[in-house]
Amino acid sequence: MSQPSRVLLDTNVWLDAFDGARSRSRAANELIDACIHKGIDLLFAVGTAKDVYYLVGASLKRQARAAGGVLSERQARAISAYAAACVANMGEVATAVGADSSDIWLARKYQRIHEDFEDCLVLAAVQRAKADFLVTSDEALLRHAPVAALSVDDFLALVGE
């Protein structure tokens, strides 16, 4: 099999890459680095940007509160700035795949085999972009994806990292 040229990363892979407290953080960053090094185009569903901004910020706020109890205004601003920088980084290393009403139609069709509508929108983005693979850490999505889908570890094995 030839090397993939276009790979769409699921939201959970981006979250793993940007939140070092997540168990798969290192593997997600290895995947992104490998794709950049090998000239594989990285993609993300446009809705992933909002999810990354919100979920990275929420995770870091939880971590700060767990460590010190009260989140200061300065910490909150720093966390917000970091979350915004994560989204900016996504735009620097990957291309957003837009969406329109046809993606909603397709996502609703995909719900027949996978109930999570948000995941189905990601699947529609894979189709729209004609990506070679979806890379995800979502076990249910891996089982139900009607597109070529691999875990982070399997994709790294495929590209030889």
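I began with the length of helix α3, in a predicted model: its 23 residues should span 33 Å at 1.5 Å a residue, and its end C-alpha atoms are 34 Å apart, which agrees. The expected span is 1.5 Å times one less than the number of residues, and helices (H or I, at least four residues) and strands (E, at least two) are DSSP runs numbered from the N terminus.

I noted that residues are numbered from 1 along each chain as its sequence is written. For this model, local features need pLDDT of at least 70 and side-chain atom pairs count only at pLDDT 80 or more, whereas totals for chains, interfaces and linings use all residues, and side-chain values use heavy atoms, with hydrogens and water left out.

Next I looked up which residues of α3 are buried (under 20% relative accessible area; exposed is over 50%, partly exposed in between, with a 1.4 Å probe and protein chains only). I found Thr48, Ala49, Asp51, Val52, Val56, Gly57, Ala58, Ser59 and Ala64. Their cover includes α1 (11–18), β2 (41–45), α4 (73–93) and α6 (117–129), where contact means heavy atoms within 4.5 Å.

I then turned to Tyr53, which lies in α3 (residues 46–68) and counts as partly exposed because its relative accessible area is 38%. After α3 comes Gly69, and I recorded its positive phi, near 85 degrees.

Last, I checked Glu139, which is in helix α7 (residues 139–144) and counts as exposed because its relative accessibility is 51%. The C-alpha atoms of Glu139 and Ala157 are separated by 18 Å, and the two residues are 18 residues apart along the chain.
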